[in-house]
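Me: I would like to go through the model below with you, one question at a time. Please give the cut-offs behind each term when it first comes up.

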Amino acid sequence: MLRVIVRRLLQLAVTLIALSALIFVWLRNLPGGPVEALLGERATPERRALLIKALGYDQPILVQYAKFMQRVVTGDFGNSIRTGDPVSEVIGRAFPATIELAVVAMIIAIGLGVPLGYLAARHHGRLLDNLSIAGTLLGISIPIFFLGYLLKDVFTQNIHWFPPSGRISTGLDNTNVTGFFVLDGLLTREFDATADALWHLILPAFTLATIPLAVIVRITRASVLDVLNEDYVRTAEAKGLRHRVIRGRHILRNALLPVVTTIGLQTGALLSGAVLTEKVYNWGGLGTLITDSISGGRDYPVLQALILLAALVFVVVNLLVDLSYAFIDPRVRVR
Amino acid sequence: MSDPMTRPGVTSPRDGSGLPASDLSAGDRPGVEEKPEGVTRDLGRLGDRKKARLDELARATADKGGVSLVRDAFRRLRRNPVAIVGASIVGIFILVAIFAPLLAPHDPAQRFDELTKNLTVDNIPGASSEFPLGSDPLGRDFLSRLIYGSRQTLFVGVVATLIGLGLGVLIGALAGAFGGWVDNILMRFTDVMLALPALLLAISLVAMASRSSQWTVIFAVAVVNVPIFARLLRGSMLAQRESDHVLAARALGVKGRSIVLRHMLPNAMTAVIVQATLTLSTAILEAASLSFLGLGDPDINRAEWGLMLGVDGQRYFEVRPELAYYPAIAIIVVALGFTLLGEAMREALDPKNRR
Amino acid sequence: MSLLDVRDLSVVFQRRGERPFTAVDKVSFSVEPGQTVGLVGESGCGKSVTSLAIMGLLPKRGNRVSGEVLFEGADLLKLRPDDMRDRRGRDIGMIFQDPLSSLNPVVPIGLQVAEVLERHRGMNRKAALKEARELLDAVGIPDPMRRLKEYPHQISGGMRQRALIAIALACKPRLLIADEPTTALDVTIQAQILTLLKQLVDETGTALIMITHDLGVVAGLCDTVNVLYGGKVVERAARHELFGRPRHPYTHGLLSSVPRLDSPRGERLHAIPGSVADNIPWVEGCAFAPRCGNVVDACLEGTPPLEPTATGGDLRCNNPVSEEVAVP
């Protein structure tokens with residue numbers, strides 16, 4: 001078990017080091033060179049020389065790489081070109097917004113996806129099954145930013161159920177502790193703030209949940225269909241066990257194993273989707289930060305940090321998913 | 001946005017690659033072959049009626065053995081309504097793209113005075129007899145742009161998929177054919193690419209270029225799919241390295257290169273073709289997403305659905321939502337078409353469904 | 001009253017767009033309390049479907065079951081699903097062919113035994129596990145305390161089948177159905193499992209329906225044997241009658257294809273030509289006719305009836321093997 005963890009951690013480190021090397025090469029090969037990318041085309045030669053020295057671009061390439069890696073490891077990505085603030089601060093401000101959105105979206109996707117997938121499989125070939133297949137196909141074929149606008153139009157313009165954008169109502173004086181507004185409200189006992197934050201979360205989270213939801217329904221359905229044909233389910237029936245026990249202990253406990261892997265992989269879809277969803281709902285998280293860092297002149301220090309962070313999140317989540325297998329599948333534990 | 005369909009397939013390449021054709025055709029045939037002989041001998045003295053029926057039976061069983069996997073799959077595909085719907089959508093889409101100049105009532109780039117004179121920031125002319133779907137924000141015929149849009153959309157989707165497929169197949173084939181350290185290095189490389197969420201990878205690639213163009217979009221969407229194809233092909237080829245027909249070829253002294261080219265690659269390609277069909281749909285969606293983020297093709301004359309939806313559709317959603325609806329519906333239907341066709345192909349090729 | 005009385009049981013599989021397929025065709029047989037009855041035939045003859053129909057375990061859709069399955073006088077086919085659920089595992093136990101796939105891979109053995117006790121005997125988890133330990137001990141699993149916490153992949157094939165037997169017999173059912181219980185096992189283990197089954201059945205007085213294609217299994221175990229072909233009973237006889245004087249050409253063929261220690265050296269085994277897949281529907285004649293060496297014209301004209309024989313059995317054949325012909 002320990003050996004598996006160590007091996008996976010090493011693999012993870014190799015992946016991240018390789019990625020940071022790629023980013024290093026990428027930054028060195030920006031159009032017009034890194035200095036021009038930072039200063040713009042009309043900088044004076046003196047300023048250029050100053051920046052080249054400051055960034056250490058006059059030193060041998062390997063020394064530069066070593067310094068770059070040193071800064072990456074300590075989380076020092078320099079200052080944002082756009083705002084001048086340290087990159088870590090800029091990202092730190094946006095991080096909770098995206099995580100809050102992604103977590104709620106994932107809860108929706110799992111909470112609806114698993115029961116729907118199970119029901120579809122149990123109704124194999126009948127109306128509910130066909131509807132769920134049609135729904136999942138539509139879910140993965142619809143551009144989610146369009147779905148976002150559509151939902152926004154219906155639920156905020158035609159019927160005013162939800163607020164159109166933002167994370168919290170203006171004028172609501174909520175205390176900021178962790179940056180996670182729902183959590184902050186609970187911590188400070190400002191429950192109105194929690195309710196308001198959740199109210200703002202619903203539409204964006206549903207939009208973001210679309211694709212993971214569709215995928216989880218599909219995988220759950222396929223997996224349950226496989227398990228239903230297994231001999232041990234017939235054994236369970238032959239024992240005369242109650243539906244509840246057969247469903248939970250014998251069908252779902254086996255059928256959810258592939259679903260767990262899928263959930264890990266959907267982190268990627270969530271991070272991609274967040275970029276689009278946040279723009280639709282003006283959310284102010286990492287996704288918005290990425291869009292702004294590109295369209296308002298390329299803010300490379302922020303971009304490289306965001307790319308590394310996204311990769312780190314994805315890889316770590318999937319590592320955790322794989323490790324959790326050791327606890328839910330006894331066949332893995334022995335190996 | 002390519003995550004949903006493709007990524008699950010990546011981690012379990014066995015899904016698509018468990019299809020070595022000759023493994024199947026080699027199945028339990030001998031037993032079938034023996035039957036007719038033994039049966040007819042015993043039947044010599046029986047009535048002709050019975051004999052005819054058994055001959056029929058024998059022919060039916062012998063026939064089954066001769067059908068190859070692909071032909072068998074194609075036969076099943078033709079009977080599958082899902083495949084027919086998917087193929088029809090794709091077919092119509094391609095026909096519209098080919099005959100766009102004949103179908104479109106106007107030049108898609110021409111700005112009409114009748115339209116521009118009524119055009120303001122918060123009023124875009126709607127349908128009229130001359131312009132059935134009204135105007136776009138620059139006073140051009142929206143219907144014509146939609147029809148011509150099918151060409152560019154098809155172009156972006158196909159070229160991006162082909163580039164991704166080409167690079168991915170190259171990497172995957174090298175890894176799968178050589179194994180060992182070549183495999184190790186190439187797969188670490190794809191791991192790094194897979195560690196980045198698809199859209200973020202595409203965004204970073206676009207950001208590499210000083211300004212975006214149609215080709216930066218195509219290239220970015222293509223590269224996102226490279227690791228997926230590479231993984232898929234490698235998985236399929238590795239599975240075949242151990243399979244009987246490759247071992248047999250090797251035992252017969254067939255050269256390594258020709259084993260890879262003649263035996264392993266063609267078998268692995270069925271899975272790749274299925275994946276490519278599915279990728280066409282995600283490529284179109286991804287290009288639309290990049291346009292939406294302002295990283296798309298800056299050419300204002302270009303009519304492409306993703307561009308129309310992502311730029312004008314978004315900007316004028318409050319004023320004239322049709323500008324978003326029509327390209328969105330077009331994209332959804334076409335993406336659905338490719339997905340249905342791909343899924344039906346995957347199902348037809350799945351040995352589990354062979355009957 | 002018989003413990004189990006199966007009357008004219010038929011199962012027709014009907015899938016949309018396909019021709020209906022009659023897997024079990026008016027099968028009748030009965031099981032007395034404590035008796036061991038064999039259902040014998042090649043794969044595809046309907047023996048497993050018969051057992052699943054008795055247990056009410058056929059898929060809910062795509063098939064039609066008719067006839068009567070009287071268990072202690074009550075027709076199981078007419079029970080509400082929940083009432084049948086109460087009986088399964090309590091009144092009738094069942095063990096299956098492949099012990100590995102028949103056990104849930106992610107649930108400890110102990111719980112898989114205990115859950116039947118919890119369900120039918122209202123025990124709490126602790127008491128059920130204690131009883132499960134004794135059950136595992138009774139079926140000859142060494143160190144049962146440790147096995148309780150182990151998973152199916154951690155124990156051997158023979159142990160798994162013993163665990164399944166423990167599960168099936170946990171609630172002391174009056175009837176046990178064993179569907180090819182030894183087919184997936186090594187030959188050495190097969191004998192042990194059969195001995196165990198026989199011993200347990202004798203000790204508890206449980207009636208047993210033994211489903212097998214292996215006449216060797218029947219020879220050591222069964223009181224009465226039903227031979228099935230193409231979904232119909234073709235011959236029924238007491239064990240010694242069937243082995244001594246098989247009347248149906250199919251039974252005769254089955255027995256001739258079993259290797260015997262006392263047959264002369266160099267003599268070839270007889271194989272029945274063809275397979276079950278070659279049979280014709282019963283409506284058009286005897287289903288066995290295409291493979292039969294004794295075939296006469298009447299065999300192609302409608303189904304021969306199942307008629308009582310002089311020795312107390314039943315036979316469905318126009319031209320049976322003569323009683324004088326001994327098994328080669």
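**Helix packing, chain contacts and burial**

Me: At what angle do helix α5 (residues 87–122) of chain A and helix α13 (residues 300–328) of chain A pack?

Reply: Helices here are DSSP runs of H or I with at least four residues, strands are runs of E with at least two, and both are numbered from the N terminus. The axes are lines fitted to C-alpha atoms, for helices over the stretch in contact, and the angles run from 0 to 180 degrees between N-to-C directions. On that basis the axes of α5(A) and α13(A) lie 10 Å apart, and the two helices pack at an angle of about 55 degrees.

Me: This is a predicted model, in which local features need pLDDT of at least 70 and side-chain atom pairs count only at pLDDT 80 or more, whereas totals for chains, interfaces and linings use all residues. Residues are numbered from 1 along each chain as its sequence is written, while chains are lettered from A and ligands numbered from 1 in the order in which they are written. How are α5(A) and α13(A) oriented to each other?

Reply: Angles under 35 degrees count as roughly parallel, over 145 as roughly antiparallel, 65 to 115 as roughly perpendicular and the rest as oblique. The angle between α5(A) and α13(A) is about 55 degrees, and the two helices are therefore oblique.

Me: Which residues of α13(A) meet α5(A)?

Reply: Two residues are in contact if their C-beta atoms, placed from the backbone, lie within 7 Å. The α5(A) side consists of A:Val87, A:Val90 and A:Ile91, and these meet A:Pro301, A:Val302, A:Ala305, A:Leu306 and A:Leu309.

Me: Which hand does the crossing of α12(A) and α13(A) have?

Reply: The axes of α12(A) and α13(A) come within 9 Å and cross at roughly 140 degrees, which makes α12(A) oblique to α13(A). A crossing is left-handed if the near helix is turned anticlockwise from the far one by less than a right angle, and right-handed if clockwise. The crossing of α5(A) and α13(A) is right-handed. That of α12(A) and α13(A) is left-handed.

Me: How many residues of α12(A) are buried?

Reply: A residue is buried if 20 or more other C-beta atoms lie within 10 Å of its own, exposed if 12 or fewer, and partly exposed in between, with C-beta atoms placed from the backbone. Helix α12(A) covers residues 286–295, and A:Leu289, A:Ile290 and A:Ile294 are among its buried residues. These buried residues pack against α5, α11 and α13 of chain A together with α12 (198–208) of chain B.

Me: Which element gives the most to the side of chain A that touches chain B?

Reply: The contact brings together 43 residues of chain A and 40 residues of chain B. Ala, Val, Leu, Ile, Met, Phe, Trp, Tyr, Cys and Pro count as nonpolar, Asp, Glu, Lys and Arg as charged, and the others, Gly among them, as polar. In these classes the chain A side has 31 nonpolar, ten polar and two charged residues. With eleven residues, the element that gives the most is α11(A).

Me: How many charged residues are on the side of chain A that touches chain C?

Reply: Here 19 residues of chain A are in contact with 25 residues of chain C, and the largest share of the chain A side, six residues, comes from α10(A). That side divides into five nonpolar and four polar residues, and the number of charged ones is ten.

Me: How far apart are the axes of α10(B) and α15(B)?

Reply: Helix α10(B) spans residues 142–178 and helix α15(B) residues 256–292, and α10(B) passes α15(B) in a right-handed crossing. The angle between them is about 145 degrees, and the distance between their axes is 8 Å.

Me: Is B:Ala175 buried or exposed?

Reply: B:Ala175 is in helix α10 of chain B. Beyond the residues up to four places away in sequence, B:Ala175 touches residues including B:Val182, B:Leu186 and B:Arg234. Because B:Ala175 has 25 C-beta neighbours inside 10 Å, this residue counts as buried.
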